[in-house]
Amino acid sequence: NKLRSSLTLLGIVIGVFAIIASVTAVKVIDVYFEESLQLFSSTTFTISRDPVVQTGNFDGRGRPNITFEQVQRLERSVPYPVSPQEFFGVSAMRYGDRETEPNVRIIGTNEHFLENFSYAIQEGRAFVEADIRYARPVAILSPDVAEVLFPNETPLGKRVRIEGQRYEVIGVLESKGSFLGSSFDQRMFAPITRLFNVYGQPDRDIEIVGVRAPSVRAVPDAMDEVIGRMRVIRKVRPGEPNNFEIDTNDSVQSTFESFTSTLTVGGAGIGFIALVAAGIGIMNIMLVSVTERTREIGIRKSVGAKRRDIMRQFLLEAVFVCQFGGLIGIALGAAFGNLVAVYFDITAAFPWRWALGGVGAMVAIALVFGGYPAYKAARLDPIESLRYE
């Protein structure tokens, strides 16, 4: 019964495919988050008025700005490198007759931003304390910006223009990639003091402040000290919750992991429903098969086959059909799920635990839904079976 067996097999394939495809796609997204969300160094934690990744239930209304004056007070009160990052706008950058797209982010920071925010200099130098103190018109470019403006020459020492201001290029960063369509390689960094002189509003909210502990083990103690200092600086009363957020790479990743976990459970739930439907189909098909093969069962029993032999025969058939369909579903699901990786050009992944779990689930479904037809076949009376036409 090739057609009937194929339809039964198709039900299993669809169920396993639904589970593995959804889990694989989520696994690919998890790997992408893990690889891309290295926003800070491993010893850095950040301070911001609002969470770096906001969820729907967050309400930060009423929280005062984290001002540059507060950042300076924190810097003076703790023995750790403190680095603010503030966004001042998006514009096109020019050098001579060459011009970038109007998507260069203008960011103000200080001399500690390389280490605190996990950047590296490709050529040139980083900011020094004097650049910040004297608000010098110097800039460090991201690689995409430097490539457009200086395709055949070094950018070091050249003066670029952005929004009517000139900046001397002192360095070019190494590529850092992008995250969720936002590129880290289309940026211009300048001393935050210089940008305050140009754009004003020194009391504006600083987007994010990085603080670097001396080692990974020292991070919890450093966080406790900084939280205490910030509560004093921002005049938070004892017993009141913080009116600012502390984040690390791990805390940011955990936010996305909770989201992808929900997607995993949802996809697996849909696949499980499909598998139950396929299991019921297997049971119905095998009941029909038992009826059609009643005479065969009678002949086997008449020549010495025992009940356990009949049960083993039908259970093995069910296990074979389930396992064969399961393996096809796993292969197709993994291939389909990794289309996400191909489309977004990110690392492929394979959910080994779910695949092994799928193999075990197929055995369970075969035993559960194939058990009753096998039991019914084993209980047939051999004399009545031989008379069956």
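This report describes the predicted model of one protein, from its overall make-up to selected local features.

## Overall architecture and confidence

The protein has 389 residues, of which 46% count as buried. Its secondary structure consists of 13 helices and 14 strands. When contacts with a separation of 6 or more are considered, 79% of them link residues 24 or more positions apart.

The model is predicted, and its mean pLDDT is 83, with 88% of the residues at 70 or more. Among the elements, strand S7 (residues 138-141) has the highest mean pLDDT, at 96, whereas strand S10 (residues 178-179) has the lowest, at 65. Where pLDDT is low, the predicted coordinates should not be read in detail.

Helix H2 spans residues 68-77, and its buried residues are Phe68, Gln70, Val71 and Leu74. These four residues lie on the same side of H2, because they cover an arc of only 155 degrees around the axis. Both strands and helices take part in covering the buried residues of H2. Among these elements are strand S1 (44-48), strand S2 (82-91) and strand S13 (208-212), together with helix H6 (192-199) and helix H7 (219-233).

Arg73 also belongs to helix H2. Arg73 counts as partly exposed, because its relative accessibility is 32%, a value between the limits of 20% for buried and 50% for exposed. The C-alpha atoms of Arg73 and Met230 are 9.1 Å apart in space, although 157 residues separate the two in sequence.

## The second largest pocket

The second largest pocket has a volume of about 350 Å³. Its lining comprises 16 residues, and those nearest the centre of the pocket are Ser5, Ile285, Met286, Glu317 and Val321. By residue class, the lining divides into eight nonpolar, five polar and three charged residues.

Three helices each supply at least two residues of this lining: helix H1 (2-36), helix H8 (249-292) and helix H10 (307-337).

## Residues with positive phi

Most residues other than glycine have a negative phi, and most peptide bonds are trans. Ser118 is not a glycine, yet its phi is positive, at about 60 degrees. Ser118 is located in the loop that runs between helix H3 (113-116) and strand S6 (121-124). With a relative accessibility of 35%, Ser118 counts as partly exposed.

Lys235 likewise has a positive phi, near 55 degrees, in a residue other than glycine. The position of Lys235 is in the loop between H7 and strand S14 (245-247). Lys235 counts as exposed, because its relative accessibility is 71% and the class begins over 50%.

## The loop around Ala348

Ala348 is found in the loop between helix H11 (339-344) and helix H12 (352-378). Its relative accessible area is 52%, so Ala348 is exposed. When residues up to four places away in sequence are set aside, Ala348 touches Asn338 and Ala341.

The C-alpha atoms of Ala348 and Thr24 are separated by 8.9 Å, while the two residues are 324 residues apart along the chain.

Definitions and conventions. Residues numbered from 1 in each chain as written. Predicted model: local features only at pLDDT ≥ 70, side-chain atom pairs only at ≥ 80, totals over all residues. Heavy atoms only, no water. 1 Å grid on protein atoms, 1.4 Å probe; cavity = no way out; pocket = protein on both sides within 12 Å on 5 of 7 lines; lining within 4 Å. Points joined across faces, edges and corners; volume = space filled by probe spheres on them. Nonpolar A, V, L, I, M, F, W, Y, C, P; charged D, E, K, R; others polar. pLDDT = per-residue confidence, 0-100. Buried < 20%, exposed > 50% of the residue type's maximum accessible area, 1.4 Å probe, protein only. Arc of directions from axis to C-beta. Contact = heavy atoms within 4.5 Å.
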